[in-house]
Amino acid sequence: MRKFISFEGIDGAGKSSHIPWMADLLRGAGKSVVVSREPGGTPLGERLRAMLLGEPMSIDTELLLMTAARAEHLAQVIQPALDRGDIVLCDRFHDSSYAFQGGGRGISLDRLESLDKWCGGARPDLTFLFDVPTAEAQRRMDGSRDQKDRFETEAEGFHAAVRRVYLERAAAEPGRVVVIDSTQAIDAIRAELSGHVQKLVLGE
Ligand SMILES: Nc1ncnc2c1ncn2[C@@H]1O[C@H](COP(=O)(O)OP(=O)(O)OP(=O)(O)O)[C@@H](O)[C@H]1O
Ligand SMILES: Cc1cn([C@H]2C[C@H](O)[C@@H](COP(=O)(O)O)O2)c(=O)[nH]c1=O
(Lines give C-alpha, C1' and ligand atoms only; values in the text may rest on other atoms or scores of the structure.)
(Ligands and ions follow the chains in the order given, each with its own letter.)
Protein backbone atom coordinates (compact mmCIF):
# COMPACT_ATOMS: atom_id res chain seq x y z
CA MET A 1 0.00 0.00 0.00
CA ARG A 2 1.38 3.38 -0.99
CA LYS A 3 1.24 5.86 1.87
CA PHE A 4 3.28 8.91 0.91
CA ILE A 5 1.59 10.58 -2.05
CA SER A 6 2.67 13.82 -3.72
CA PHE A 7 0.83 16.05 -6.17
CA GLU A 8 2.86 17.91 -8.76
CA GLY A 9 2.48 20.16 -11.78
CA ILE A 10 3.29 23.53 -13.25
CA ASP A 11 1.64 26.51 -11.59
CA GLY A 12 -2.08 26.56 -12.40
CA ALA A 13 -2.15 22.93 -13.56
CA GLY A 14 -5.17 22.21 -11.34
CA LYS A 15 -3.68 19.78 -8.79
CA SER A 16 -4.66 21.47 -5.51
CA SER A 17 -8.40 21.19 -6.19
CA HIS A 18 -8.13 17.39 -5.99
CA ILE A 19 -6.26 17.04 -2.69
CA PRO A 20 -9.13 17.67 -0.21
CA TRP A 21 -11.35 15.51 -2.41
CA MET A 22 -8.85 12.62 -2.25
CA ALA A 23 -8.44 13.05 1.51
CA ASP A 24 -12.23 12.68 1.90
CA LEU A 25 -12.22 9.62 -0.34
CA LEU A 26 -9.53 7.95 1.78
CA ARG A 27 -11.11 8.96 5.09
CA GLY A 28 -14.39 7.53 3.82
CA ALA A 29 -12.50 4.25 3.38
CA GLY A 30 -11.45 4.40 7.05
CA LYS A 31 -7.90 5.72 6.59
CA SER A 32 -6.12 8.34 8.68
CA VAL A 33 -4.91 11.05 6.35
CA VAL A 34 -2.56 13.99 6.80
CA VAL A 35 -2.75 16.75 4.18
CA SER A 36 0.22 19.07 3.85
CA ARG A 37 2.12 21.18 1.37
CA GLU A 38 5.55 22.43 0.30
CA PRO A 39 7.00 24.84 0.81
CA GLY A 40 5.18 24.96 4.12
CA GLY A 41 3.42 22.43 6.30
CA THR A 42 5.07 23.57 9.57
CA PRO A 43 5.03 26.99 11.31
CA LEU A 44 8.64 27.59 10.21
CA GLY A 45 7.97 26.21 6.72
CA GLU A 46 4.99 28.55 6.28
CA ARG A 47 7.20 31.53 7.20
CA LEU A 48 9.78 30.34 4.66
CA ARG A 49 6.96 29.94 2.11
CA ALA A 50 5.93 33.58 2.54
CA MET A 51 9.54 34.64 1.84
CA LEU A 52 9.98 32.23 -1.07
CA LEU A 53 6.78 33.28 -2.82
CA GLY A 54 7.12 36.99 -2.09
CA GLU A 55 10.69 38.22 -1.72
CA PRO A 56 13.35 38.58 -4.40
CA MET A 57 16.36 36.30 -3.73
CA SER A 58 19.20 34.55 -5.53
CA ILE A 59 18.47 31.18 -7.09
CA ASP A 60 20.84 29.45 -4.64
CA THR A 61 19.04 31.03 -1.68
CA GLU A 62 15.76 29.88 -3.18
CA LEU A 63 16.93 26.26 -3.42
CA LEU A 64 18.45 26.29 0.07
CA LEU A 65 15.26 27.71 1.64
CA MET A 66 13.10 25.17 -0.23
CA THR A 67 15.38 22.43 1.14
CA ALA A 68 15.32 23.87 4.67
CA ALA A 69 11.50 23.96 4.60
CA ARG A 70 11.51 20.32 3.39
CA ALA A 71 13.91 19.16 6.14
CA GLU A 72 11.64 20.71 8.77
CA HIS A 73 8.51 19.29 7.11
CA LEU A 74 10.00 15.78 7.00
CA ALA A 75 11.11 15.93 10.63
CA GLN A 76 7.98 17.51 12.11
CA VAL A 77 5.12 16.24 9.94
CA ILE A 78 5.81 13.66 7.23
CA GLN A 79 7.99 11.11 9.04
CA PRO A 80 5.90 11.13 12.26
CA ALA A 81 2.71 10.68 10.19
CA LEU A 82 4.20 7.76 8.22
CA ASP A 83 5.50 6.22 11.48
CA ARG A 84 1.92 6.34 12.85
CA GLY A 85 0.72 4.54 9.70
CA ASP A 86 -1.15 7.56 8.32
CA ILE A 87 -1.44 8.35 4.62
CA VAL A 88 0.28 11.63 3.70
CA LEU A 89 -1.06 13.71 0.80
CA CYS A 90 1.52 16.36 0.01
CA ASP A 91 0.94 19.29 -2.37
CA ARG A 92 4.42 19.30 -3.99
CA PHE A 93 7.60 17.57 -2.79
CA HIS A 94 11.11 16.95 -4.17
CA ASP A 95 10.04 16.81 -7.87
CA SER A 96 9.16 20.51 -7.58
CA SER A 97 12.79 21.34 -6.75
CA TYR A 98 14.07 19.40 -9.78
CA ALA A 99 11.43 21.00 -12.04
CA PHE A 100 11.44 24.61 -10.77
CA GLN A 101 14.99 25.12 -9.48
CA GLY A 102 16.51 22.68 -12.03
CA GLY A 103 14.37 23.25 -15.13
CA GLY A 104 13.13 26.77 -14.41
CA ARG A 105 16.20 28.31 -12.77
CA GLY A 106 18.89 26.16 -14.40
CA ILE A 107 20.55 24.83 -11.22
CA SER A 108 22.71 21.78 -11.95
CA LEU A 109 21.46 18.25 -11.35
CA ASP A 110 24.56 17.57 -9.21
CA ARG A 111 23.69 20.35 -6.83
CA LEU A 112 20.02 19.33 -6.67
CA GLU A 113 20.89 15.70 -6.01
CA SER A 114 23.39 16.51 -3.30
CA LEU A 115 20.87 18.66 -1.43
CA ASP A 116 18.22 16.01 -1.96
CA LYS A 117 20.53 13.37 -0.40
CA TRP A 118 21.47 15.75 2.39
CA CYS A 119 17.77 16.05 3.17
CA GLY A 120 17.57 12.25 3.56
CA GLY A 121 16.55 11.39 0.00
CA ALA A 122 12.95 10.78 1.10
CA ARG A 123 10.68 9.78 -1.78
CA PRO A 124 6.91 9.67 -2.21
CA ASP A 125 5.62 6.14 -2.93
CA LEU A 126 3.27 7.62 -5.51
CA THR A 127 3.19 10.93 -7.37
CA PHE A 128 0.33 12.34 -9.42
CA LEU A 129 1.69 14.71 -12.06
CA PHE A 130 -1.05 17.01 -13.36
CA ASP A 131 0.02 17.87 -16.86
CA VAL A 132 -1.38 20.77 -18.83
CA PRO A 133 0.02 23.03 -21.58
CA THR A 134 1.46 26.28 -20.21
CA ALA A 135 -1.12 28.43 -22.06
CA GLU A 136 -4.01 26.59 -20.35
CA ALA A 137 -2.32 26.88 -16.94
CA GLN A 138 -1.89 30.59 -17.55
CA ARG A 139 -5.60 30.94 -18.42
CA ARG A 140 -6.52 29.09 -15.23
CA MET A 141 -4.28 31.32 -13.12
CA ASP A 142 -5.65 34.45 -14.79
CA GLY A 143 -9.17 33.25 -13.97
CA SER A 144 -8.50 32.33 -10.33
CA ARG A 145 -5.77 34.59 -8.87
CA ASP A 146 -6.22 38.16 -7.61
CA GLN A 147 -2.46 38.38 -7.28
CA LYS A 148 0.27 36.16 -8.69
CA ASP A 149 3.36 35.16 -6.70
CA ARG A 150 7.05 35.25 -7.65
CA PHE A 151 6.87 31.93 -9.55
CA GLU A 152 3.50 32.47 -11.18
CA THR A 153 4.70 35.74 -12.75
CA GLU A 154 7.65 34.05 -14.48
CA ALA A 155 7.73 34.06 -18.31
CA GLU A 156 6.22 31.30 -20.45
CA GLY A 157 9.70 29.85 -21.13
CA PHE A 158 10.21 29.24 -17.40
CA HIS A 159 6.95 27.29 -17.08
CA ALA A 160 7.70 25.36 -20.29
CA ALA A 161 11.09 24.30 -18.86
CA VAL A 162 9.45 23.27 -15.57
CA ARG A 163 6.90 21.18 -17.48
CA ARG A 164 9.63 19.53 -19.58
CA VAL A 165 11.57 18.40 -16.49
CA TYR A 166 8.40 17.05 -14.86
CA LEU A 167 7.62 14.97 -17.95
CA GLU A 168 11.22 13.71 -18.15
CA ARG A 169 11.08 12.64 -14.51
CA ALA A 170 7.72 10.90 -15.07
CA ALA A 171 9.15 9.01 -18.05
CA ALA A 172 12.19 7.97 -15.97
CA GLU A 173 10.09 6.70 -13.03
CA PRO A 174 6.85 5.26 -14.46
CA GLY A 175 6.35 3.03 -11.40
CA ARG A 176 6.11 6.05 -9.11
CA VAL A 177 4.75 8.89 -11.25
CA VAL A 178 1.24 8.73 -12.72
CA VAL A 179 0.68 11.44 -15.33
CA ILE A 180 -2.85 12.87 -15.28
CA ASP A 181 -4.09 14.75 -18.34
CA SER A 182 -5.28 17.84 -16.49
CA THR A 183 -6.96 19.34 -19.56
CA GLN A 184 -9.85 16.93 -18.87
CA ALA A 185 -12.95 18.07 -16.97
CA ILE A 186 -12.61 17.87 -13.19
CA ASP A 187 -15.12 14.97 -12.93
CA ALA A 188 -13.20 12.93 -15.51
CA ILE A 189 -9.94 13.55 -13.64
CA ARG A 190 -11.55 12.41 -10.37
CA ALA A 191 -12.87 9.24 -11.99
CA GLU A 192 -9.33 8.48 -13.17
CA LEU A 193 -7.79 9.35 -9.78
CA SER A 194 -10.35 7.21 -8.02
CA GLY A 195 -9.29 4.18 -10.09
CA HIS A 196 -5.63 4.76 -9.19
CA VAL A 197 -6.47 5.17 -5.50
CA GLN A 198 -8.51 1.93 -5.41
CA LYS A 199 -5.67 0.03 -7.05
CA LEU A 200 -2.51 1.64 -5.70
CA VAL A 201 -3.51 3.00 -2.30
CA LEU A 202 -6.45 0.93 -1.04
CA GLY A 203 -5.25 -2.19 -2.82
CA GLU A 204 -8.67 -3.22 -4.10
N1 LIG B 1 -9.65 20.27 -14.92
C2 LIG B 1 -9.90 21.57 -14.82
N3 LIG B 1 -10.59 22.21 -15.77
C4 LIG B 1 -10.82 23.53 -15.67
N5 LIG B 1 -10.39 24.31 -14.65
C6 LIG B 1 -9.71 23.70 -13.67
C7 LIG B 1 -9.42 22.33 -13.69
N8 LIG B 1 -8.72 22.02 -12.59
C9 LIG B 1 -8.58 23.17 -11.90
N10 LIG B 1 -9.17 24.17 -12.54
C11 LIG B 1 -9.22 25.59 -12.11
O12 LIG B 1 -7.94 26.15 -12.37
C13 LIG B 1 -7.57 27.04 -11.32
C14 LIG B 1 -6.21 26.60 -10.75
O15 LIG B 1 -6.39 25.35 -10.10
P16 LIG B 1 -5.51 24.94 -8.82
O17 LIG B 1 -5.43 26.08 -7.87
O18 LIG B 1 -6.03 23.63 -8.35
O19 LIG B 1 -4.11 24.76 -9.54
P20 LIG B 1 -2.73 24.31 -8.92
O21 LIG B 1 -2.15 23.32 -9.83
O22 LIG B 1 -2.88 23.91 -7.51
O23 LIG B 1 -1.92 25.65 -9.03
P24 LIG B 1 -0.70 26.17 -8.12
O25 LIG B 1 0.27 25.07 -7.99
O26 LIG B 1 -0.19 27.32 -8.89
O27 LIG B 1 -1.30 26.58 -6.78
C28 LIG B 1 -8.72 27.02 -10.31
O29 LIG B 1 -9.59 28.08 -10.59
C30 LIG B 1 -9.42 25.70 -10.61
O31 LIG B 1 -10.80 25.72 -10.29
C1 LIG C 1 8.22 22.59 -3.15
C2 LIG C 1 8.70 23.58 -4.15
C3 LIG C 1 7.85 24.55 -4.64
N4 LIG C 1 8.29 25.44 -5.56
C5 LIG C 1 7.37 26.48 -6.07
C6 LIG C 1 6.30 25.96 -6.98
C7 LIG C 1 5.17 26.93 -6.80
O8 LIG C 1 5.33 27.99 -7.72
C9 LIG C 1 5.37 27.46 -5.40
C10 LIG C 1 4.38 26.93 -4.42
O11 LIG C 1 3.12 27.43 -4.73
P12 LIG C 1 1.80 26.49 -4.80
O13 LIG C 1 0.68 27.44 -5.03
O14 LIG C 1 1.71 25.82 -3.47
O15 LIG C 1 1.96 25.52 -5.91
O16 LIG C 1 6.68 27.06 -5.00
C17 LIG C 1 9.59 25.40 -6.00
O18 LIG C 1 10.00 26.25 -6.82
N19 LIG C 1 10.42 24.44 -5.53
C20 LIG C 1 10.03 23.53 -4.61
O21 LIG C 1 10.84 22.65 -4.20
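Reply: Before the first question, one convention is needed: Ala, Val, Leu, Ile, Met, Phe, Trp, Tyr, Cys and Pro count as nonpolar, Asp, Glu, Lys and Arg as charged, and the others, Gly among them, as polar. Please also keep in mind that this is a predicted model.

Me: Which helix gives the most to the shell around ligand 2?
Reply: Ligand 2 is surrounded by residues that include D11, R37, M66, S96, S97, F100 and Q101. By class, its shell divides into 4 nonpolar, 3 polar and 5 charged residues. With 4 residues, the helix that gives the most, spanning residues 94–104, is α4.

Me: Is G12 buried or exposed?
Reply: G12 lies in the loop between β1 (4–9) and α1 (18–28), and UniProt, in an unreviewed entry, lists G12 among the residues of a "binding site". Leaving out residues up to four places away in sequence, G12 touches A137, Q138, R140 and M141. A residue with 20 or more other C-beta atoms within 10 Å of its own is counted as buried. Because G12 has 24 other C-beta atoms within 10 Å, G12 is buried.

Me: How many C-beta neighbours does A13 have inside 10 Å?
Reply: A13 also lies in the loop between β1 and α1, and its contacts beyond four places in sequence are F130, D131, V132, A137 and S182. A13 counts as buried because its C-beta neighbours inside 10 Å number 27.

Me: Which residues point one way from β4, and which the other way?
Reply: In a regular strand the side chains alternate between the two faces of the sheet. Strand β4 (residues 126–131) is mostly covered, with 6 of its 6 residues buried. In β4, L126, F128 and F130 point one way, while those pointing the other way are T127, L129 and D131.

Me: What is the bridge partner of F128 in β5?
Reply: β4 pairs in the parallel sense with β1 over 5 bridges, and within that pairing the partner of E8 in β4 is L129. β4 also pairs in the parallel sense with β5 (residues 177–181), over 5 bridges. In this second pairing, the bridge partner of F128 is V178.

Me: How far apart are the C-alpha atoms of L25 and Q198?
Reply: L25 is placed in helix α1, and L25 counts as partly exposed because it has 19 C-beta neighbours inside 10 Å. Apart from residues up to four places away in sequence, L25 touches S194 and V197. Although L25 and Q198 are 173 residues apart along the chain, their C-alpha atoms are separated by 9.9 Å.

Me: How far apart are the end C-alpha atoms of residues 7–192?
Reply: UniProt, in an unreviewed entry, lists residues 7–192 as "domain: Thymidylate kinase-like". The span is 56% helix and 13% strand, and its end C-alpha atoms lie apart by 14 Å.

Key: Residues numbered from 1 in each chain as written. Chains lettered and ligands numbered in written order. Predicted model: local features only at pLDDT ≥ 70, side-chain atom pairs only at ≥ 80, totals over all residues. Near = placed C-beta within 6 Å. Helix = DSSP H or I, 4+ residues; strand = E, 2+ residues; numbered from the N terminus. UniProt positions renumbered as here; feature names shortened; annotations may be inferred. Buried ≥ 20, exposed ≤ 12 C-beta atoms within 10 Å, placed from the backbone. Contact = placed C-beta atoms within 7 Å. Pairing = 2+ DSSP bridges.
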